[in-house]
Structures are given as C-alpha cells and as structure tokens.
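Welcome, and please have your viewer ready.

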Amino acid sequence: MTNENCCIDGSFEFDELDPANYITFLRLPLDWRLKESQAEKLRNSMSWGLLVLLLLVSSSLANGRGDNTQQHRVATIGAVVDFTSRVGKEQRIAMDLAIQDLLHSNCLTVNLDLRDSQGNSAKSTSAAINLLNDKKVEVIIGTLTMQEAAVVSEIEIRKANFTILSLTSTAIKPSPSPASLQLPNYLQVANDIVIYMQCLAALVGHFQWRKVTALYEQNIDFSSNSGIITLLSDSLKLVNSEIEHHQAFPTLSSLSDPNALFDEELKKLRSKRNRVFIVTQFSLNSAVFLFRKAKEMGMMGKGYVWIVTDEIASLLDSVDDSVKYNMQGVIGIKTNFIESTKNFAKFKTRFRRLYGLQYPEEEENSSPSIFALRTYDTMHAIALAMKNAASKYLSQEIVSTEFQGLSGMMQFKNGMLSQSPTFQIINVFGRSYSEIAFWSPHFGFSDNRNKHLDMKERTNHNYVQVLGPINWPGGLQAPPKGWTLVDEERPMKIGIPARGAFNQFVKVTYDQNTNQTRITGFSIDMFEAAVKNLPYQMPYVFVPFNGSYDELVEQVYYKGLDAAVGDIEVIAYRYHYVEFSQPYISSGLEMIVPVKSDKLKEKWMFMKAFSKTMWFLMIIIHLSVCFVVCFIENEHGQNFELKRIGDILWFSVTVLFFTQRERVQSNLARLVLAPWLLVILLVVATFTASLSSMMTISRVQPSVLDVETLKKGNGTVGCNGNSVIVRYLIDVLEFRPENIKRISAISDYPKAFESGEIQAAFFVAPHAKVFLACYCKGYMKAGPIYKPSGFAFVFPKGSPLAIDMSKAIVEVNEKKQVELLERQMLSSFNCSPSLNSNDGPIGYEPFSGLFLISGLVCAFGLLVTSGRKADRLLQNMSCIRAILIKTRTLTWVFLYLNQSYRQSQKHCSTSSILETCSTRNMSSGVIVI
C-alpha cells in the first residue's frame, strides 16, 4: 500500500505475515505487551533464521525510507484508560493494533504514552495533566468524562493546542447555557446518551410497564448529580411511564464490605412493589457482583424484569458461563456493528491472538466489543487528522474527518458521533444470549437486521413491529406485569360499601347456616369480569366497610385497604388521594319527581292531534282543491251535479271520506284531485294513530319542572346521605342544608314523596335507573343531567393496577358484558312503565312536501281552465259583433243612442233655467204658482 492511499482514503490492510508488524511489535515496551515470562517464552520459541530475516527486512525498510523519514510527522499521543477493567483492556489492545498498522502503512510515526487510571476520577485527571505538562502530548484519548476534561482544560488553559477524545460508552451534549461547560477541543467518540434513553423507553413502553427502578454506579460518568435519571425520566414520560425509585451503588473498589451494602440495598428494592429494574452506567465488575447478589436473594425469579445497557450488554461475550447463569432472562441493549466484513474478520483474529497473549486467563473470552472497535477507529481518525493539520487545528481536522470504520461511520457533529446507531436487543438465555429485535431512533423495533436496513419500505407497507420470543427471569414466557404486592402471599384487601342505599350494586348478606358472608351485586360482577381479563393472577378478598364513601376512599389512601370496589363516584377532589380506573358505567346527577297527569277527557281533545297551523292549512288547501275541481267540471259542462254552491260544499265533505257520488269526468280535474286524495289518506291515518295514542296512553307531566322551581318554592329534596350528592347539592346547586333530607334506603323514597317530606329526589344515573325500574309508575325524570362522570374502582396513588384494570374494563365493554350485567340487574323488577311524555301536537312539517305538490297541481289546473274560459269568451264576443254589423243593427243602435243623448241634454238645460228663476223669486218674497 502506498503512502498516498493511506493518507487520502484512510483505509488499512492487515497483513499478518508482514515482518514489519513483528518488528513493530518487538519495538514496543515489554511492560505494555507481555509479562516477563511470556516475553521470554516468545523469544525462545522464535527461530534464529526468522530473527535474522526480520532484522534484515527491518534494515532494508529503514534504508528504503532514506531521507523521506524526515518528512513524516511524529505524533505524540497520550492515553488514559483503566487497565483493571475489561473495557480498558480491550482499548489497550486496540491501540497497540492501531499503532502497528500506522507503522506498517508508513504514514505516521506514533509515540503512545499509556497511563492507568485504575478506575479513579482523580487519577484520570492527574494522568492527563501530567501527559500535557511532561510528555507534551498533542492528543489524549481514553475514558475521560466531560467533568474530568473540564478540570484538565481549566488547569491547562494556556495550552489550548491539545485535543481530548473521550471513549466513554455514551456522549453527553453540553447545555447551551453560558454557565455550562464549553470545551471546543473535547470530542466524544460515542453516540448521544439521549438515544440510549429513547431505546430504553421504547422497550418499557412496548410492554406497558408504568413504573421502573433505575440503578446506576455512583462515580461513573455524570451519575453523581443524577443527570442520567433526568434524561431517562423525560424519555419514559413519552411512553406514559415513570421512575418510581432510583438507587446509586458505589464502586466495588471504594467499599470495604460490598456484600453488606449490596445486601442492604437489594433488600430495600425487594420490599417495594416495582419489579422492573434498569441497570445503566454500570461497570462490568460491579454488574457481575450485582446480579450474583440478586440471584442469591431471589430477585432473578418470576415476576422480575432486568434491563442492562451497552456497558454490560456489549461485554457479555467476555464473561464466563457462571455470570450468564446469574443473569438468566436479562434483556440487554447492545450497539450493533457489522461483523461480516473482511476487515473485521482480520481485526478480530489479530485482536484475539494479542489479547490471549497479554491476558491468558481470559483467552477463551477474547472477542472485541464495540469499545475496542471505536478505540481503533479513533486512532485511525487521529492519524488522518495529524497528516493534514498542525496541532493548533487538530480538533477541527478530526471533526471534518469522515470514513467508514470497523465500528461504523466515523463522523462528528456537536462534539459527538453523528450517525444514528442501531441497537440490538438481546435476551440472556442458557450459556449465551439470543437476538430478539433491532431498534433505531427513526424506525423503532424490527425483528431482522436486514429488514431494518430497508425500514422505509417496510414502514410504507404498515409493517407490524414485534419482538421475538423472550425467556423472562424464572422461566416465564409471558411478559411480567412489572409490579407485585409487597407481601405476595397475602391477597389484596378490597373494600366494599356495606351500607349503600342501592344493594343492587353491592349487597352484603350473612348466612348463619354456613357462617359465611356473601357479597353480590352489579359492581361485584363487573369487578370479577375485569379481573378475568387481566394478563396475570390477582388474589383478593372483599372487606365490607360500614363508613361513608369518602371514608372508604380515605382508607385506600391511608393503606388500610389495597383497593375499593362498588358504586363509587369519580369526583375531582378524590383524585388528590387515590387513582380511579376507567369508569365501568357512565353516570351523572338526575332529579326524580312524582308525575302529574293531564286531564284525559277534554271537550276539544281531538283537536290536539294536529297543531293550529296544520288544521288551518288543511282547511284552506282542501276547499281550494274542491273549488278548483268543481270549476274545471263546470267549465267543461259535463257535470250538472256541481253547479250550485251547496253541491260544491257537500262534495268537499264527501271527498274527505272517499264517499262522493258525483263523478269527476274531466281528466284535468282528476289530475288535480289525485294528489290531494293521497294527502287525505296519509293525514287521516296519522290523525287516527295520534288520537288513539292520546286516548289510550296516559299523558303525564312532572310535578316539578326544574331545580330553579324547587329553590324558588323552598322545596325539600332527598338523597343518599352517604354519597357525594349532599356536597354537590350544597356547593354547586346551592340548596340550603336544611332543605336536604338524607335517605338511607331505596324503599324510603316513595314514603317521603307520599307524606310530602320531599318534592324531588336526586340520584346518580345508575341509581336512578334502578329506582325507576322498581317504581316505574308515578315517577319520572325532570330537568337536565348534572356533572356526568361514572362509577369506577379505587386504587392507591401510583398503583399500576389502575391502568391494568382500566384496560380490562375496556375489554369487558367491547365484549358487551356490561350491558348484559345491567340487564340482569334491572330484570329483577317486574314493573312496566305506563308513562308517556307529552311531545305536543303534530305540525305540518311531515306533510309539507305533499302540500306543495298538491298546491302546484291545483294551481296548474286553475290556470289551464281559466285560460280556456277566457279564450272562449273572446271567441263569443267576436261572433256577436260580426252578426250585428252584418244586419246593420249597430247603425240603428248608434242613431238611437245619439238621439236619446240630445234629448237628455235639452231637458237638462230647461230644468236649469226654471231652478234659477225660482231661486230669485223666493229671495224677493214672491211665490210663483
């Protein structure tokens, strides 16, 4: 491989037989590579011929370089890792392999100075400062956290020309606030920790666990300030889950007696209800110890859920069978990388060989993890950046570097790896683990990695996201519910109201013969049906409670009862103390009042069948149609029976009953009459039905119309004294307390109505149904429904059972079991109501279409007939005029009329003269005879 290819495309070829690799290997200090005895053994095993050959090749390679060596960059790199941890060991071997490949490629001369942090934050910081001051390194790589890098940068503020590359398992995005850490030369070779938290939340949400417990190691990363808990909590909220408890464990090296501390903390966790544990930011050694103690304490059995993150899941290949035995059923989230490439296969072979030589006690478990691959890729990125930039701009050059490494795409953005990772979801089972799914932040879960690579196509085809079969702790195949009772041997104590006014919902009877308490009712049946739909067994026992409903709810709040079942109303203020399930029956406050019957036999009762407008339109349209029919018949001159007014009126009457004797001969008249006969037929049928209903069914009205009428009349109302209705009547409807009578039994309400003690009664809707089913005659609902809510089951605050029961109630509703149980409850009352509310007379609206058609046809017939008659009159006038002209009759008539006119004018003049003279004589006193 040429120098140009190495420095441009950044690819490396691994040649195991290349002598330069072995020369480089021998040049490295023995305390980095082999123990004293192993190094001696290796030297003795090599033949003298091979050694001479290696030396000759080394000499020729050195001579071949000549003066070009002076042009190559000498890179000074410092490394701070924990040699005692599995991750640190892998990172150390990966750095050695990277240096060998860099020397072999002839691109760069690397001086690597390794320091052991021993897992201690102070030692890590001190080693980094020492490397910068004494060794003058340009780059530091290792497991330096952001806080440790900030300390180093603060101390070495004047030496800004250095870069720190962190190899922690997750990357933390610094806060944008001015007070946050600003480290421009600090790069994290890891993915954003938020993505890990999203994967955990997706896994929790998939199984609908509402509560989890987070466990973390105290001095790992930034967990000391619980930042990881905040990030995990924010992600869990998106799937309707939350962290119920979180516990920090110190590192094993800091404990004098780790057994005692782990026993104590695990006992505390075991005493809590939650059974879902998320182990995150834990070192491998501490995790192995944790699971061993959990196994000893029975916390790896049925009902438990354990989830581990990348720090543990990616290293499961490096632990022995005894560790996996203690982790049976654990779910792991492991960063996925491609293992099928040729480069990875070569790297894995070399890694296993070198790791086995350096750590022979771990030779069987020497496969590289994602941490080794990222370390190797980081060395590669440093080499490419140093070839093209000076130390001052090294961090910018590393950020701009982009290549496909063994761990994936090496590309930085915002100081961390920019490529979105794909996580492999694994399940520890037997001596290994099984792959159950893949997850990525863009596409969620998938059951196959190849399909996951083409997730866009699957998403467009509505691919169903599923997880493979999982073997849970204790050998369970079904997903655990994620919580349990504190004392699993004790059944849940379910409180029920023993003094409810409506025992149809909860009825408590005592059988003296068997000395047993029998509990029945609609609420009990509904609860038992919901329990059958739970995905797990829930032992319980009913405990009768003699207090009020509010006191029953308070008992759940004070842990005296585990839950409460009955006709318990969902009220807002009760949410401060308990949680409710999904209401299993809708409710609301309804007012029941006695009925007031109308007068059945009124003089003009039949007139109420139709409205006044309907009667008026019927009369007008009927007479109009009949007159038009008669007009058409008379115009044609064919019907002599419809000449007189009396005949026409009688015809209009007989048409109503289809008994007319007069024949309608004109086709136009028949056209006008036909639609109206259809209208009459329908109207008569409707009138008969309405009148029959009015005469046979009692029409009633409420004795009290609404609440305002009650309050104005200072009326007294009754209600169940143990329920929340009393408070609602006083606080919301503003009734006076002295006007509210508390009634304890359903049979006392009719007596109170009859005696006049109350004018109305208030019930919740389910109770109102029962009351009207029992006393269906004489009572009815009045006014609106107030405050719709429902009956629900009561659970302690934060109980996951409330969510599970809500889901079970929905399933019962979908199966129509609620309606069946309600019918069974109401069918015990053999009462048929005979009440019918007055809906008012029938208007013209149902017949408006027929009225319009009949009116248009009638108008059409009238216009046609009128036009014909007018035309006939004009024709007759023309004939008379022609006859008169022909016989000269008009001339004589004109002369006669002219003469008569002249005589009348003459007579008028003479009369005027005489009148004038008479007036004058009278004025002078002379009378003319």
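A salt bridge here is a side-chain nitrogen of Lys or Arg within 4 Å of a carboxyl oxygen of Asp or Glu. This is a predicted model, where local features need pLDDT of at least 70, side-chain atom pairs count only at pLDDT 80 or more, and totals for chains, interfaces and linings use all residues. Residues are numbered from 1 along each chain as its sequence is written, and side-chain values use heavy atoms, with hydrogens and water left out.

First, select K135 and D113: their side chains form a salt bridge at 4.0 Å, N to O. This pair links distant parts of the chain, 22 residues apart, with K135 in the loop between helix 7 (121-133) and strand 3 (139-142) and D113 in strand 2 (residues 109-116). Helices (H or I, at least four residues) and strands (E, at least two) are DSSP runs, numbered from the N terminus. D113 counts as buried because its relative accessibility is 16%, while K135, at 42%, is partly exposed. Buried means under 20% relative accessible area, exposed over 50% and partly exposed in between (1.4 Å probe, protein chains only).

Next, pick E264 and K268, which meet in a salt bridge of 3.9 Å, N to O. They are four residues apart in helix 11 (residues 258-270), so about one helical turn separates them.

Now go to D562 and R273, another salt bridge at 3.9 Å, N to O. Here the partners lie 289 residues apart; D562 is buried at 7%, and R273 is partly exposed at 26%.

Finally, select R86, K89, E90 and E362 together to see a network of salt bridges.
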